[in-house]
Amino acid sequence: MMGVALPSIRAELGLSTSELQWIVSAYVLSYGGFVLLGGRAADLLGRRRMFIGWLVVFLAFSGLGGFATEGWVLIVARFVTGIAAAFMTPAGLSIITTTYPEGPQRNKALLVYAGTAAGGFSLGMVAGGLLTAIDWRWVFFAPVVLAAVILVAAIALIPREAEPLKTAGGFDLGGALTLTGSMLLLVSTVVRAPDVAAGQTAVTLVAGLVLLGLFVVIEQRVASPLIRLGILRSGPLVRANLGAVLLVGSFVGFQFVAVLYLQELRNWSELETGLALMVIGIDSVLAPTLTPWLVNRFGNGRVVFGGFTFAAAAYALFLPLDTDWSYAAMLPALILLGLAFALAYGPLTIAATDGVAEEEQGLASGVLTTSFQFGSALGLAVVAAVLAAADDLTVEGFRSALLVPLVAAALGLLAALPGLTRRPARQPAA
């Protein structure tokens, strides 16, 4: 929701371009940097406890952002809500994967979950436009209202764990610090690359890689590692996370281009932009209804491949954009993009958690959430760099930037190819 609201926030708070950038970057950096730690904390400290506790933090600091009268308060609020989301999201996903047994029940639950999440991605821009038309502060207050409803439901409906989760070796603090530091530096490198000197980008990249190497050394030596590195030897899990990076990265990059094209080049209002993109929200209807049938009939891999096929077609159809393009000309690409998300998001979620032991479901969920968030940062950074190289927001610049999501979708097709040979498991009759 934040992208549409940024111009209004800048106008009221008098923020510079750099400060405005940090309203987005603070959330991405804290989310991407802490989500793996959040996933492991859910496994070790209790999923219900982590979900409810950090939901309270999310609610409080989102409200703080809505009352902010200075830019730094808004940036701090965004950073903390990002941390809260990093602990909440893997806890919530692992609650689902540990509540339902592996197989048809879990798959159905994950597809409903993924349909909701996919709808959040696509409808966020629409909601942002509608709320900003009232007042940009509602972009912060609306999540407070929704979080309060979820909090009441969570306390009542999520069962308590039978006993606290324990590990023989305790908590891997060294691994947590080096991994979180590495993720913060690497995500920061991607997010800020278009806006800083090449030397600074190189320094943060090298520092992030050094910390990542140190993390691997620590994980190989401690008795109870933060991440069991063997989990990354699963080919389907690695391909699922690569697909997650490419799916969300291409979508966020496209969304950024589409919003700038409509608002900066075509002079559409925030409300008009939100309504124009509303059709992408078809995924929130199809993901929990059509996608489960397709997965059961054709299998995860084939449905993911179909999703990336629709995504590549959508980005290709948007390439001929022009200054006098009608909405009817844009509509086929937007519909295909909604279909793409409906088909790919849920099956990727299933593939990334399938076959993982119950005690590592939080970890697998954290890895997947990291992939989604890192993909978002990467897609946005690369598209922004291409637009910056064009020197101006012209039709030619937008067309060049649209090649980024198109290439990402094509790479997603390649990553999904191995899944075409896997036949769907036969499900017992109900």
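**Entry 1: helix α16**

I started with helix α16, residues 395–416, in this predicted model. I counted 22 residues in α16. From its first C-alpha to its last, α16 reaches 32 Å. That is close to the 32 Å expected at 1.5 Å a residue.

Next I asked which residues of α16 are buried. The list is V395, G397, F398, A401, L402, P405, A408, A409, G412, L413, A415 and A416. What do these buried residues pack against? I found α9, α13 (residues 300–318) and α15 (residues 361–389).

**Entry 2: aromatic rings**

I then turned to the rings. A pair of aromatic rings is described by the distance of the centres and the angle of the planes. How many aromatic pairs does a search of the whole structure find? I noted 14.

One of them joins F251 and F341. Their centres are 4.8 Å apart, with 45° between the planes, and the pair is tilted. F251 sits in helix α9 (residues 235–265), whereas F341 sits in helix α14 (residues 327–353). They are 90 residues apart, so I wrote down that this pair links distant parts of the chain. Both F251 and F341 are buried.

I also looked up W293 and F298. Why is this pair called edge-to-face? The ring centres are 6.3 Å apart and the planes stand at 85°, so the pair is edge-to-face; the cut-off for that label is over 60 degrees. F298 has a relative accessible area of 33%, so I put it down as partly exposed.

F398, which I had already listed as buried in α16, came up again here. F398 belongs to one aromatic cluster with F254, Y261, Y315, F318 and W325.

**Entry 3: cavities**

Rolling a probe the size of a water molecule over the atoms shows where empty space is left. The search of the whole structure finds two cavities of 30 Å³ or more.

Helices α7 (residues 173–192) and α8 (residues 198–221) each supply at least two of the lining residues.

**Entry 4: N267**

Last, I checked a backbone angle. Most residues other than glycine have a negative phi. N267 has a positive phi, near 60°, and is not a glycine. Where does N267 lie? I found it in the loop between α9 and α10 (residues 270–276). Is N267 buried or exposed? Its relative accessibility is 62%, so N267 counts as exposed.

Definitions and conventions:
Residues are numbered from 1 along each chain as its sequence is written. This is a predicted model: local features need pLDDT of at least 70, side-chain atom pairs count only at pLDDT 80 or more; totals for chains, interfaces and linings use all residues. Side-chain values use heavy atoms; hydrogens and water are left out. Rings of Phe, Tyr and Trp (its six-membered ring) pair if their centres lie within 6.5 Å; planes under 30 degrees apart count as stacked, over 60 as edge-to-face and the rest as tilted. Helices (H or I, at least four residues) and strands (E, at least two) are DSSP runs, numbered from the N terminus. Buried means under 20% relative accessible area, exposed over 50%, partly exposed in between (1.4 Å probe, protein chains only). On a 1 Å grid over the protein atoms alone, a cavity is a set of points where a 1.4 Å probe fits but cannot get out, and a pocket is an open set with protein on both sides within 12 Å along at least five of seven lines; lining residues have an atom within 4 Å of a point. Grid points are joined across faces, edges and corners, and a volume is the space filled by probe spheres set on the points. The expected span of a helix is 1.5 Å times one less than its number of residues. Contact means heavy atoms within 4.5 Å.
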